[in-house]
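Subject: Handover of a two-chain model

Dear colleague,

Please find below the structure that I am handing over to you. My notes on what was found in it follow directly after.

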Amino acid sequence: MLEITSIEKGIVIDHITAGYGIQVFNYLNLDKADYNVALICNAYSEKMGKKDIIKINNVIDINYDFLGLIDPNATVNIIENGKTIKKVKLEVPDRVENIIRCKNPRCVTSVEHYFPHVFHLVNKEKRSYRCEYCDDIVIPYPNK
Amino acid sequence: MLKNRSLIDPSDFTREEFREIFDLGHQIVANPEKYSKSCEGKILATLFYEPSTRTRLSFETAMLRLGGQVIGFSEAASSSTAKGESIADTLRTVECYADIAAMRHPKEGAPRLASHYIHMPLINAGDGGHQHPTQTLTDILTIERLRGNVENKTYGFCGDLKFGRTVHSLIKFLSNYEGVKFILISPEELRVPEYIREEVIKKKGIPFEEVDQMEPYMGQLDFLYMTRVQRERFFNEEDYIRLKDRFILDKEKMSYARPDTYILHPLPRVNEISTEVDDDPRAQYFQQAKNGMYVRMALILKLLGIY
């Protein structure tokens, strides 16, 4: 039985869709952390069957738009003195900047590199986004 | 109010704002002399990073017929782009010299990007295989002159619907009008992009069919919009050669069309419309090119706030 103890002060990102935990981990650069971090994959979940969880033994800045883009089902719990003092429910962001890159080789973003890469939400269910410049549609993190 | 606005995509203006442009366009057709000094002292920059005949010449002629003047370049090699200058820097420089600009670029979204860096009105004169909103103005003025309005009609689009930017802009525009129906005729590989099918046609609830034959559908059409297979957008020459002659409109195919079905084409054509069709009174593509100049005159006047 794998045991990971609770944390006193930090952040727990729970209910991450199984398989996306590593992407959240990488985005938050947790491989470079000098504090305790646990990435738990395929944990049992009554509601989801299985889920990923990240426990961070530190308070760090989180871009909620990016987390919502990867997995709007995840929840972020802020922990102090071993207790949850705040729960953040994520949402699929309407607009994201400099998180996704356009893969259309005909898009202006493939040749000019000094401006933000902007995508707009087109379908919340599919989590599809449209490039502001070329209108190409991408589903960066499909609903599993 | 269209003064100082940019036209990058057909969704940038409302129906009412487009109506202002078309109404002025029809007035210019009726009496072009009246407008011959309207743009005295004004300068249009035509920034063409990609070859063009009609669009560039019609923009330049439009400005000259309004009494204004024109600066610009007709290929990227003759601008500082050849030295590695960015689109943003080129446009910011041009803004120091001109009052309004029309820009064509091979990369999709280049005019949208440019519009974020300048304050003068910018017109998208075609960006890669993406959009070409002033061709749409040309098409609509032509449709209105032939049939009064755009509503309650069936439009056939034939050829390269994937890279045909004029098709994307026209579909986007027409999708805002009641009673329109689309017949999309193309090889499977050249069907309309997903964002046009899903986010424009389906979202607006427009009835449409995607088919790969012309003849059975000719009798349903009010307008047939032919397009060239866009050789310059293919990464693979073999694919172009395989697809380029898939649909050729000739006299025999015209015999399936109704007497009141008009043929439009943004031009240039290669061989997708046989020259034997040119004398048919239903072939309207050269008149369409002429209307392009008038409607661009109207657009320039509106964006400069002169009318």
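**Interface between the chains**

Chain B and chain A bury about 1700 Å² between them, and 56% of this area lies on carbon and sulfur atoms. Please note that this is a predicted model. The area lost when parts come together is often used to state the size of an interface. On the side of chain B, 23 residues take part in the contact, and on the side of chain A, 17 residues. Three residues, B:K107, B:E108 and B:L113, supply 32% of the area that chain B buries against chain A, more than any other three residues.

**Chain A**

The secondary structure of chain A consists of two helices and nine strands. Their order along the sequence is β-α-β-β-α-β-β-β-β-β-β. The C-alpha trace of chain A spans about 50 × 30 × 25 Å along its principal axes.

Five strands of chain A form an open sheet with antiparallel pairing, in the order β2-β3-β1-β4-β5. β2 (37-45) and β5 (83-89) of chain A are at the edges with a single partner strand each, so one side of each has no neighbour in the sheet. From one strand to the next, the twist averages 20°.

Within this sheet, the pairing of β2(A) with β3(A) can be followed residue by residue. β2(A) and strand β3 (residues 49-56) of chain A run antiparallel and are joined by seven bridges. A hairpin of three residues connects β2(A) to β3(A). A:V37 lies opposite A:I56 in β3(A), and A:L39 has A:I54 in β3(A) as its bridge partner. As a general point, side chains in a regular strand alternate between the two faces of the sheet.

**Chain B: the parallel sheet**

Chain B contains an open sheet of four strands with parallel pairing, in the order β2-β1-β3-β4. At its edges are β2 (69-73) and β4 (122-127) of chain B, each of which pairs on one side only. Neighbouring strands of this sheet are turned against each other by 15° on average, direction ignored. Strand β3 (residues 100-105) of chain B runs parallel to β4(B), and four bridges join the two. B:A102 is found opposite B:I123 in β4(B).

**Chain B: two helix pairs**

How do the axes of α5 and α10 of chain B cross? Helix α5 (residues 133-147) of chain B and helix α10 (residues 285-303) of chain B have axes that come within 8 Å and cross at roughly 115°. α5(B) and α10(B) are therefore roughly perpendicular to each other, and the crossing is right-handed. From α5(B), the contact involves B:T134, B:Q135, B:L137, B:T138, B:D139, B:L141, B:T142 and B:R145, while α10(B) contributes B:Q288, B:N291, B:G292, B:Y294, B:V295, B:R296 and B:L299. Sorted by class, the contact of α5(B) with α10(B) has five nonpolar, seven polar and three charged residues.

The second pair consists of helix α6 (residues 165-174) of chain B and helix α7 (residues 194-202) of chain B, whose axes come within 10 Å and cross at roughly 15°. That angle makes α6(B) roughly parallel to α7(B). The crossing of α6(B) and α7(B) is left-handed. In this contact, B:H168, B:I171 and B:K172 of α6(B) meet B:Y195, B:I196, B:V200 and B:I201 of α7(B). The contact of α6(B) with α7(B) comprises five nonpolar, one polar and one charged residues.

**Backbone geometry**

Most residues other than glycine have a negative phi, and most peptide bonds are trans. A:N81 is not a glycine, yet has a positive phi of about 50°. A:N81 belongs to the loop between β4 (75-80) and β5 of chain A. In chain B, the peptide bond joining B:L267 and B:P268 is cis, with an omega of about 5°. B:P268 is located in the loop between β9 (262-264) and α10 of chain B.

With kind regards

Conventions:
Residues are numbered from 1 along each chain as its sequence is written. Chains are lettered from A and ligands numbered from 1 in the order in which they are written. This is a predicted model: local features need pLDDT of at least 70, side-chain atom pairs count only at pLDDT 80 or more; totals for chains, interfaces and linings use all residues. Side-chain values use heavy atoms; hydrogens and water are left out. Axes are lines fitted to C-alpha atoms, for helices over the stretch in contact, and angles run from 0 to 180 degrees between N-to-C directions. Angles under 35 degrees count as roughly parallel, over 145 as roughly antiparallel, 65 to 115 as roughly perpendicular and the rest as oblique. A crossing is left-handed if the near helix is turned anticlockwise from the far one by less than a right angle, and right-handed if clockwise. Contact means heavy atoms within 4.5 Å. Ala, Val, Leu, Ile, Met, Phe, Trp, Tyr, Cys and Pro count as nonpolar, Asp, Glu, Lys and Arg as charged, and the others, Gly among them, as polar. Two strands pair if DSSP finds at least two bridges between them. Buried area is the accessible area (1.4 Å probe) that two parts lose on being put together, summed over both.
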